[in-house]
Amino acid sequence: MRDFSSGHEWLSVNTATVRKQQGIERPLLDILDLCARHEIRAISPWRDQVASAGLKATAQAIRTHQLALSGYCRGGMFTATDDAGLVLARDDNRRALDEACELGAACLVLVVGALPGALQGKAAHKDIALARSQVFDGIAELLQYAQAQRMPLAIEPLHPMYAADRACINTLAHALDVCDALDPSRSGALGVAVDLYHVWWDPQLQRQIERAGRDRLLAFHACDWLTPTIDLLNDRGMMGDGVIDIRQVRGWVEAQGFAGFSEVEIFSHTWWAKTGDDILSTCIERHKTCV
Ligand code: ZN
């Protein structure tokens, strides 16, 4: 297992971690400057941030700062109420994949979607099996496009509390079932993003990480689970402040040969109230002591 205690060369910053400053959106190019000042080598940006900054300008800034991309957030949201909606989702995912290629991302992260309309406040139906079948078909179709462009797809299982509105793939086992069905040869084109916030509780976690193996472990996202958690979306904890045995899980992932970045991904009103320098300094310190 790699020793992270003396440096942060394997720390990546998911840009959502510093996306706000006292409630105001911080522009992506400012975030890249901030990361460069803290000698961060890798980031994972969000599509809406890239759209605001401009794809070309973002790509240029990434080159200027010599940043790697541990992933690109995100594709997915494959479900819809009708064929027209499915086509829109397909086209949007292809655009996301094109952007990931332009930015040189290691993978396109997929948050797969769930009951259509639920995220906006009213689910169009209650058929989660239908949602899962649309997700399966959507990933299958996108995989062909992704393979042609050599951009790996990383399915991110989300915690079951998001099963209705954000992702109806909620365990690593389910994500790996999809991988096995669509990419039985383990080509490297399809795998998973292991986000500790979503999977730390799973009694099968170690076994499923072993099942995933090096070929399917495409990303590792770190934060912590606070007790109590007061907001289901934006109360993620800084590594070391919660109940996740982060180092143990990193050990399981690295035992399979994963040697990529540890991407810190913290959506938190508490942390967004602090300065960007405070957030990144703390991320670096906790990366050394708790990851
Ligand atoms: Zn994540």
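Guide: A residue counts as buried when its relative accessible area is under 20%, and as exposed when that area is over 50%. Keep this in mind for the structure above, which is a predicted model.

Visitor: Are glutamate 156 and histidine 221 buried or exposed?

Guide: Glutamate 156 and histidine 221 are both buried. Glutamate 156 sits in the loop between strand 8 and helix 6, while histidine 221 is in strand 10, so the pair ties together parts that are 65 residues apart in sequence.

Visitor: Which parts do the buried residues of helix 11 pack against?

Guide: They pack against strand 1, strand 2, helix 1, strand 11 and helix 10. The buried residues of helix 11 include Ile279, Leu280 and Arg286.

Visitor: Why does arginine 286 count as buried?

Guide: Arginine 286 has a relative accessibility of 17%, so it counts as buried. A polar atom of the arginine 286 side chain lies 2.8 Å from the backbone oxygen of methionine 239. Among the residues that arginine 286 touches, leaving aside those up to four places away in sequence, are Met238, Gly240 and Val291.

Visitor: How many salt bridges does a search of the whole structure find?

Guide: The search finds 19. In one of them, the side chains of glutamate 25 and arginine 19 meet at 3.1 Å, N to O. Glutamate 25 is partly exposed at 43% relative accessibility, whereas arginine 19 is buried at 11%.

Visitor: Which distant parts of the chain does the pair of lysine 56 and glutamate 102 link?

Guide: The side chains of lysine 56 and glutamate 102 meet in a salt bridge of 3.4 Å, N to O. Lysine 56 is in helix 3 and glutamate 102 in helix 4, 46 residues apart. Lysine 56 counts as exposed at 58%, and glutamate 102 as partly exposed at 36%.

Visitor: Which residues are linked in a network of salt bridges?

Guide: Asp177, Asp180, Asp183, Arg211 and Arg216 are linked in such a network.

Definitions and conventions. Residues numbered from 1 in each chain as written. Predicted model: local features only at pLDDT ≥ 70, side-chain atom pairs only at ≥ 80, totals over all residues. Heavy atoms only, no water. Helix = DSSP H or I, 4+ residues; strand = E, 2+ residues; numbered from the N terminus. Buried < 20%, exposed > 50% of the residue type's maximum accessible area, 1.4 Å probe, protein only. Contact = heavy atoms within 4.5 Å. Polar contact = N/O pair within 3.5 Å; in protein donor to acceptor, adjacent residues only side chain to side chain. Salt bridge = Lys/Arg side-chain N within 4 Å of Asp/Glu carboxyl O.
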